[in-house]
Amino acid sequence: MEKKYTLSEFGYTAVLGKYACQSEGAVWLQQGSSVVLATVVSETTRDFPGFFPLTVDYREQFSAAGKIPGGYLKREGKPSDQEVLTGRLMDRAMRPLFPENFFDKVQVSTSVYSADRDSINVQSLALLASSLALITSPVPFLSPLGLCEVARVDGEWIFNPSYDQVTRSDIRLIVAGTADGINMVEGSFAELSEEEVVDLFFKAHEYVKKQVQWQLDIKRDWGVQDRSVNDTFRCDFWSERARQFLTKDRVERVFVADKVLRGENQKNLIQEFYAINVDDIAPELMGAGIIEYVFDKILKEELNELIFEKSVRVDGRSFETVRPIATEVGLLPCVHGSALFTRGRTQALAMVTLGGGQDQMRVDGLMDDKSQPFMLHYNFPSFSVGEARPSRGPGRRDIGHGYLAASSLKAMLPSQEVFPYTLRIVVDILESDGSSSMATVCSSTMALMQAGVPITRMVSGVAMGLLMNRAGDFRVLTDISGIEDAFGFMDFKVAGTEAGITAIQMDIKHKGGLGRSVFESALAQAKRGRMHILDEMKKVMSAPNTNVSSLVPQIVSVKIPKEKIGAVIGSGGKVIREITEKTGTSIDIQDDGTVKIFGKPGELLDRAVAIVKIISGQIEAGSRYPGIVRRSAEFGLFVELAPGVDGLVHVSTVPRQDQQTLLTRFKEGEAVVVDVLDYDKSNGRIRLKIVE
């Protein structure tokens with residue numbers, strides 16, 4: 001039965017019961033001319049999966065914006081980075097809102113079928129549609145989600161901006177949550193204060209609550225009932241057994257500073273638990289993972305309580321202590337810029353490469369085709385955590401962590417006008433015990449400075465955690481380790497400079513909502529941690545090198561008249577191809593007439609610059625150029641200075657006694673050096689004199 005629901009304040013129209021009706025939940029959501037379809041399908045699992053098997057797929061059809069994909073196949077292929085990042089964002093917002101002990105396979109698929117630049121950003125529309133599809137399906141989902149995106153255009157704050165407004169904004173903030181509170185935040189800023197950030201959170205949440213109420217009204221009218229959650233794997237039984245086993249003295253065995261030894265103690269605990277309960281463990285449960293899953297969950301709860309009681313963390317630190325930090329720069333001799341940042345048992349190696357305009361990444365996007373002069377690629381090899389598994393390229397986590405680190409640094413990078421290089425940072429995590437994305441920010445900052453990139457200010461990052469005991473008390477943890485990341489009620493990563501926050505990513509697992517004071521306290525503590533890390537980094541290097549490495553090719557920018565762009569490129573690119581082949585340079589020409597020539601300093605680079613200037617008519621009397629004799633005439637020689645540009649060496653430019661032999665002394669194709677005697681801009685004629 002088809003039904004239509006509207007929320008006039010936001011311009012939303014949701015259609016249920018018409019599209020994709022074999023799904024358990026399907027919503028066609030439209031705002032303006034933008035349309036997304038979200039579907040939900042679930043499947044009961046017989047074998048314990050070891051985790052909640054939620055899959056969130058987000059895809060953009062190029063036809064939605066009236067485009068045909070690039071490449072040879074001319075069809076959508078594997079998800080783009082933007083699609084992966086949107087899917088991750090949706091997953092992070094939705095995953096905490098499924099019941100505990102619910103292990104059915106759930107797949108949420110959202111497709112963009114129409115994209116309008118004047119409507120809300122389609123990624124935001126996708127999360128709302130997915131939430132509505134879940135809440136109107138029989139899949140148990142604790143609460144609908146709302147989402148508010150925030151932008152700032154010309155100093156004015158805009159909530160739920162259009163796509164065009166987002167592209168013109170100097171910040172981007174996405175806040176998702178339920179009626180009770182915020183449960184996911186992601187943003188990048190141009191150094192906002194902690195107070196401004198918290199204020200934006202709660203202003204955005206007012207919009208979220210209206211969307212949530214609308215979805216609850218739709219659920220009530222639609223009349224669907226959630227399926228009951230059956231304790232198929234006897235989680236409650238084993239939870240009680242684990243709670244009885246994990247006495248205070250046993251839990252205290254996990255309070256060990258060293259990650260490896262702590263891991264061994266945890267393994268010994270589970271083996272001891274197996275031995276005590278061997279008679280009650282059915283053969284099919286041995287090795288199935290359910291007991292380890294439940295045991296680990298209860299252990300984390302008991303660790304949480306004991307941390308509050310002891311006022312000390314599992315590795316012996318106080319709540320605000322940052323692990324020991326060590327930084328090295330320039331340790332890779334052949335790399336343009338490099339740095340190794342170590343914090344506790346987390347170690348990140350950053351490598352910076354400077355390239356030319358041709359090295360920029362071209363992105364074939366739904367709305368726009370872009371060239372990106374800055375890239376950050378994050379890699380997390382299995383050896384970093386002592387595991388052996390095959391490397392299959394970057395996954396969703398690698399892409400997400402790289403995006404967060406790139407967002408942290410972007411506002412501090414020099415403009416292309418000031419520093420016209422393409423920048424690529426590659427970060428390999430050599431060892432990990434939590435917060436590798438923030439170690440990536442720190443190592444990248446140091447590597448950029450060592451490479452001589454004139455960043456505005458240094459950036460550091462810290463990962464924070466939030467614990468809550470059974471009494472409802474909160475404690476904020478600075479610089480969380482891997483084990484602390486797993487049992488907290490909130491984990492958030494904050495990166496920034498001395499002047500303010502540049503990026504934030506926050507996931508809140510607490511389902512009851514958090515008050516403003518908790519956010520304020522957490523961000524204030526994060527700032528203290530961030531400043532401490534910055535101080536440690538400054539002990540090694542506090543400002544960028546004044547010059548780039550001698551290994552870095554030079555970029556020379558030349559401004560030419562727009563009407564000369566075609567001449568520099570040549571028919572079918574013939575001229576520019578000839579220049580680059582002969583000089584070993586790469587040349588990038590922008591629509592405004594800016595020509596960037598990239599190559600090793602020396603004669604060949606100077607020659608490429610000279611050729612571009614000559615073709616564009618930037619010739620001055622007195623200049624000296626190499627040339628090639630192309631033909632002779634009774635009155636002199638024609639010398640080619642650049643492809644398609646010849647000058648005349650008139651016989652009158654040589655002594656009278658040499659005029660008779662001028663034409664025979666220089667053969668066609670011979671290289672000569674000439675001085676410019678005169679250049680007539682009106683007709684392009686060039687008078688030359690051979691330098692002998």
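**Close-up views of a predicted protein model**

Of the 692 residues of the protein, 54% count as buried (buried means under 20% relative accessible area, exposed over 50%, and partly exposed in between, with a 1.4 Å probe and protein chains only). The model is predicted, so local features need pLDDT of at least 70 and side-chain atom pairs count only at pLDDT 80 or more, while totals for chains, interfaces and linings use all residues. Residues are numbered from 1 along each chain as its sequence is written, and side-chain values use heavy atoms, with hydrogens and water left out.

**Figure 1. Overall view of the protein.** The protein has 17 helices and 29 strands (DSSP runs numbered from the N terminus, helices being H or I of at least four residues and strands E of at least two). Its C-alpha atoms fill a box of roughly 115 × 60 × 50 Å along the principal axes. Among contacts (heavy atoms within 4.5 Å) between residues at least 6 apart in sequence, 69% join residues at least 24 apart.

**Figure 2. The crossing of helices α5 and α7.** The axes of α5 (residues 235–245) and α7 (residues 259–276) come within 11 Å and cross at roughly 115 degrees. Axes here are lines fitted to C-alpha atoms, for helices over the stretch in contact, and angles run from 0 to 180 degrees between N-to-C directions. The two helices, α5 and α7, are therefore roughly perpendicular to each other (angles under 35 degrees count as roughly parallel, over 145 as roughly antiparallel, 65 to 115 as roughly perpendicular and the rest as oblique). On the α5 side, the contact is made by Trp-238, Arg-241, Ala-242 and Phe-245, and on the α7 side by Leu-269, Glu-272, Phe-273 and Ile-276. These residues divide into 6 nonpolar, no polar and 2 charged (Ala, Val, Leu, Ile, Met, Phe, Trp, Tyr, Cys and Pro count as nonpolar, Asp, Glu, Lys and Arg as charged, and the others, Gly among them, as polar).

**Figure 3. The two faces of helix α14.** In α14 (residues 574–583), the residues Val-575, Ile-576, Ile-579, Thr-580 and Thr-583 are buried. They lie on the same side of α14, because they cover an arc of only 130 degrees around the axis (the arc is that of the directions from the helix axis to the C-beta atoms). The buried residues pack against α13 (565–569), β23 (586–589) and α15 (603–615). The face turned away from the buried side carries the exposed residues Lys-574, Glu-581 and Lys-582. After α14 comes Gly-584, with a positive phi near 70 degrees.

**Figure 4. Met-449 in helix α10.** Met-449 belongs to α10 (residues 436–450) and, at 0% relative accessibility, counts as buried. Leaving aside neighbours within four places in sequence, Met-449 is in contact with Ile-455, Met-458, Met-541, Ser-542, Ala-543, Pro-544 and Asn-545.

**Figure 5. Gln-360 in a loop.** Gln-360 is placed between β13 (346–355) and β14 (361–364), and its relative accessibility of 14% makes it buried. Residues up to four places away in sequence not counted, Gln-360 touches Ser-371, Gln-372, Pro-373, Gln-416 and Thr-422.

Figure 6. Most residues other than glycine have a negative phi. Ala-20, although not a glycine, has a positive phi of about 50 degrees. This residue, Ala-20, is found in the loop between β2 (12–16) and β3 (25–31) and is partly exposed, with a relative accessible area of 33%. For Ser-311, phi is also positive, near 55 degrees. Ser-311 is found in the loop between α8 (290–310) and β11 (325–329) and counts as partly exposed at 41% relative accessibility.
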